[in-house]
Amino acid sequence: MWFWAFVGPFAAGLALFTYVPLVWSVWLSFFDAHNTVTPTEFVGLDNYTEILGDPSFTSSLTTFAVFSLFIVPATYALSLALALMVHRLRFAQAFFRSVFFLPTACSYVVAAIIWKLSVFNGVRYGLANTVLGWFGGSDIAWLSTTSPPWYWLVIVTVRLWLQAGFYMVILLAGLQRIPATLYEAAAVDGARPGWQVFRHITFPQLRATSVAVVLLLVVNAFQAFDEFYNLLSTAGGYPPYARPPLVYLYYAALGQGQNLGLGSAGAVILALIIAVVTVIQARWFGLGRRED
Amino acid sequence: MRHSRSSTTRISRRQLLAVSGALALTAACGSNTGRGGGAGGGPALGQWYHQYGEAGTEEAVKRYAAAYGKARVNVQWRPGNYDQQTAAALLTENAPDVFEGGPTLDQIRGGQVADLTGLLKGVRDDFHPAVLAPKTYQGKVYGIPQVIDTQMLYYRKSLLDKAGVRPPGTLDELIDAAKALTTKDVKGLFLGNDGGAGVLGATPLRAAGLEPVTADGEVGFDDPRAAKTLGKLHRFHADGSLLLGAPTDWSDPSAFVQGLTAMQWTGLWALPQIQNTLGDDFGVLPFPEDGPQGGPSVPVGAYGAAVSTHSGHIDAAKAYVKWLWVERTDFQEDFALSYGFHIPARISLAKKAAKLAKGAAADAVRFTADHGYAQPLLWTERSRTAYQDALSRIITDGAAPDAQLRTVVATTKAELKRVRS
């Protein structure tokens with residue numbers, strides 16, 4: 001009885017808001033569901049062949065794969081570097097920890113708008129262009145220039161700024177768990193402080209933390225939507241570059257398109273990709289394997 | 001146009017507070033469909049408007065609703081992604097009885113909006129055909145046009161004089177003018193932060209004498225002229241004469257009045273603000289023609305008042321729409337001209353409006369009458385997105401226009417086949 005009193009509300013919420021929509025979405029993906037969530041016209045795999053034949057969708061999958069391949073190592077490296085630096089501080093450690101962690105409290109939407117409107121706007125009084133102007137450079141329209149693709153600079157910097165502090169705190173906790181005796185033993189054995197100690201003591205000892213951080217980063221990259229949408233969308237729509245799959249599906253299914261069958265098919269494909277990548281990754285890192 | 005105002009830029013802090021308060025209330029009350037409340041007798045009707053940027057509009061529409069005696073009308077003012085909100089609401093029983101919207105082809109085909117043809121009996125000819133056509137499907141009218149919104153090219157006379165440039169009459173002249181007007185601090189032309197792909201849409205096709213979808217429902221731009229004209233648009237970008245990355249987008253005249261650009265493509269709604277700041281130092285033009293078969297191109301658009309078929313009071317809702325948007329011409333005129341700046345959808349009202357009789361406003365009315373065109377109803381979202389992606393690649397990346405257009409033609413053909421089946 002008490003089991004259901006405590007678990008019941010949670011299970012009901014999970015069923016109602018996660019499993020029902022999930023199953024419903026899979027069901028919708030086999031129907032012609034223009035402007036309806038209770039379609040009647042069964043179309044089999046038509047939605048799947050249509051969306052996989054749509055170059056905008058496949059190119060958005062490529063975009064997001066490239067983005068993940070870059071942003072995951074970059075965020076991890078930056079967070080680790082920050083954690084190592086803060087860890088070595090002998091004074092004001094709490095201050096710097098808080099300073100680097102603070103951006104985490106900022107919303108993606110707000111940060112994206114600040115980046116778009118004041119830091120990286122394309123006119124002469126934008127922060128980035130003002131700095132460029134000091135060195136005699138001419139104004140750059142950061143978000144509208146595709147060659148070179150400056151918009152990636154904006155997207156990547158806002159994400160690093162928002163996320164690095166959070167993962168730094170997790171890695172810092174991992175660093176503080178490494179017993180000091182290991183370093184002492186290494187010093188006795190003649191290990192040189194710096195790279196050698198990091199390579200053979202610190203980094204291997206951080207393995208469990210690193211696996212968790214990388215998994216979280218990958219999931220986060222998969223879910224990229226907020227900063228992309230807020231940086232690049234205009235009243236007229238979203239440009240054909242740097243378009244993550246969720247943004248594409250948002251326009252197909254929820255925008256004026258209202259093609260909920262096609263949108264659901266895309267969501268199912270995306271979910272399958274995420275599942276496969278996560279399973280491979282878990283195997284690769286040996287997630288959940290007993291430490292020996 | 002449907003996306004005429006960017007709601008984010010014009011929300012004041014107080015409005016934001018009011019909106020969050022309202023949202024909190026809505027959340028607290030569960031499903032607030034907008035029904036109930038209001039004065040008057042009869043059934044309760046919910047009516048939705050998107051958030052207009054101009055002060056006084058909200059009070060005005062509430063005043064109109066309160067003046068209706070045969071039903072209690074509760075107006076909801078909806079900020080944010082309005083088209084998404086109505087699209088989602090129309091899937092449910094909680095849809096508003098009356099709302100402003102396209103309505104879109106799929107909403108019509110999905111049976112989500114009611115046939116309003118009967119409401120226009122005897123006055124159908126008084127509505128501007130360019131804005132009535134996109135509300136009409138297979139001869140039936142599904143939305144009563146509320147106003148006409150249009151877009152034009154605004155230019156600074158003094159800057160053109162200084163550079164020795166005549167107001168451009170052809171696309172080639174516009175490209176040359178934009179280049180000549182570009183200096184270190186002032187760009188020649190502003191077509192929006194995406195380089196124009198979003199706002200221009202089918203406008204350049206019309207300038208070449210083509211259209212997205214023909215009257216008999218075929219692809220209207222499967223023609224070498226389309227590739228030729230669209231290909232020219234890349235020159236704005238290549239010449240570096242486009243303003244890009246401005247803090248406000250094309251729908252807001254700030255970039256133009258602040259002197260970031262010598263010419264800007266924006267809406268008629270921006271005219272009062274431009275006039276207040278620049279006085280006489282500006283002129284307006286239609287999008288210039290390209291090629292011997294082309295002509296000036298002026299996009300028009302309008303929200304229509306539509307009735308949801310989920311409404312429990314379809315007849316009462318239709319009667320209210322007829323009263324407000326067909327019979328009460330005084331309210332229609334007030335709505336079009338007292339707050340924002342739109343052309344009344346009724347030809348008879350547009351003709352006698354004093355505010356539209358002279359200056360740039362009169363030019364705008366003339367352009368609309370002579371060259372106005374609206375996006376065809378059969379030009380669906382899917383086709384538009386494919387076209388817009390192609391246009392963006394042509395303008396920004398200099399992609400080959402004929403190859404880009406081939407995929408758009410294929411997508412559009414498939415969509416036309418779907419909607420005609």
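Trainee: Which residues have the most contacts inside the largest nonpolar core?
Mentor: This is a predicted model, in which local features need pLDDT of at least 70, side-chain atom pairs count only at pLDDT 80 or more, and totals for chains, interfaces and linings use all residues. Residues are numbered from 1 along each chain as its sequence is written, while chains are lettered from A and ligands numbered from 1 in the order in which they are written. A nonpolar core is a set of buried Ala, Val, Leu, Ile, Met, Phe, Trp, Tyr and Cys residues joined through C-beta atoms within 7 Å, where buried means that 20 or more other C-beta atoms, placed from the backbone, lie within 10 Å of the residue's own. The largest such core has 171 residues, and those with the most contacts inside it are A:Val154, A:Met168, B:Val131, B:Tyr154, B:Phe190, B:Tyr320 and B:Val321.

Trainee: Which helix gives the largest share of this core?
Mentor: Helices (H or I, at least four residues) and strands (E, at least two) are DSSP runs, numbered from the N terminus. With 10 residues, the largest share of the core comes from helix H7 of chain A, residues 151–177.

Trainee: Why does this core lie between domain 1 and domain 2 of chain B?
Mentor: Domain bounds here come from an automatic or database domain assignment, which divides chain B into domain 1 (13–146 + 302–327) and domain 2 (150–299 + 376–420). The core lies between them because residues are given to it by both domain 1 and domain 2 of chain B.

Trainee: How many residues of domain 2 of chain B are in contact with domain 1 of chain B?
Mentor: Two residues are in contact if their C-beta atoms, placed from the backbone, lie within 7 Å. Taken over C-alpha atoms, the centres of the two domains of chain B are 31 Å apart. Four residues of domain 1 of chain B are in contact with residues of domain 2 of chain B, and the number on the domain 2 side is five.

Trainee: Which residues does A:Val154 contact, leaving aside its neighbours within four places in sequence?
Mentor: A:Val154 is among the residues with the most contacts inside the largest nonpolar core. With those neighbours left aside, its contacts are A:Trp115, A:Phe120, A:Trp142, A:Leu143 and A:Leu231.

Trainee: How many helices does chain A have, and how many strands?
Mentor: Buried residues make up 32% of the 292 residues in chain A, and the C-alpha trace of this chain spans about 75 × 70 × 35 Å along its principal axes. Its secondary structure comes to 13 helices and zero strands.

Trainee: At what angle do H1 and H13 of chain A pack?
Mentor: The axes are lines fitted to C-alpha atoms, for helices over the stretch in contact, and angles run from 0 to 180 degrees between N-to-C directions. A:Ser25, A:Val26 and A:Leu28 in H1(A) meet residues of H13(A) that include A:Leu260 and A:Val268. The axes of H1 (residues 2–28) and H13 (residues 260–285) of chain A are 7 Å apart, and the angle is about 115°.

Trainee: Is A:Asn35 buried or exposed?
Mentor: A:Asn35 has a positive phi near 55° although it is a residue other than glycine, and its place is in the loop between H1 and H2 (46–52) of chain A. With 21 other C-beta atoms within 10 Å, A:Asn35 is buried.

Trainee: Which residues does B:Leu233 touch, not counting those up to four places away in sequence?
Mentor: B:Leu233 lies in the loop between H10 (224–232) and H11 (234–238) of chain B, and it is buried, with 26 other C-beta atoms within 10 Å. B:Leu233 and B:Pro204 are 29 residues apart in sequence, yet 8.8 Å apart in space from C-alpha to C-alpha. Beyond those sequence neighbours, B:Leu233 touches B:Gly196, B:Pro204, B:Ile394 and B:Ile395.

Trainee: Which helix of chain B gives the most to the side that touches chain A?
Mentor: In total, 34 residues of chain B are in contact with 28 residues of chain A. With nine residues, the helix that gives the most to this side of chain B is H18(B).

Definitions and conventions. A residue is buried if 20 or more other C-beta atoms lie within 10 Å of its own, exposed if 12 or fewer, and partly exposed in between; C-beta atoms are placed from the backbone.
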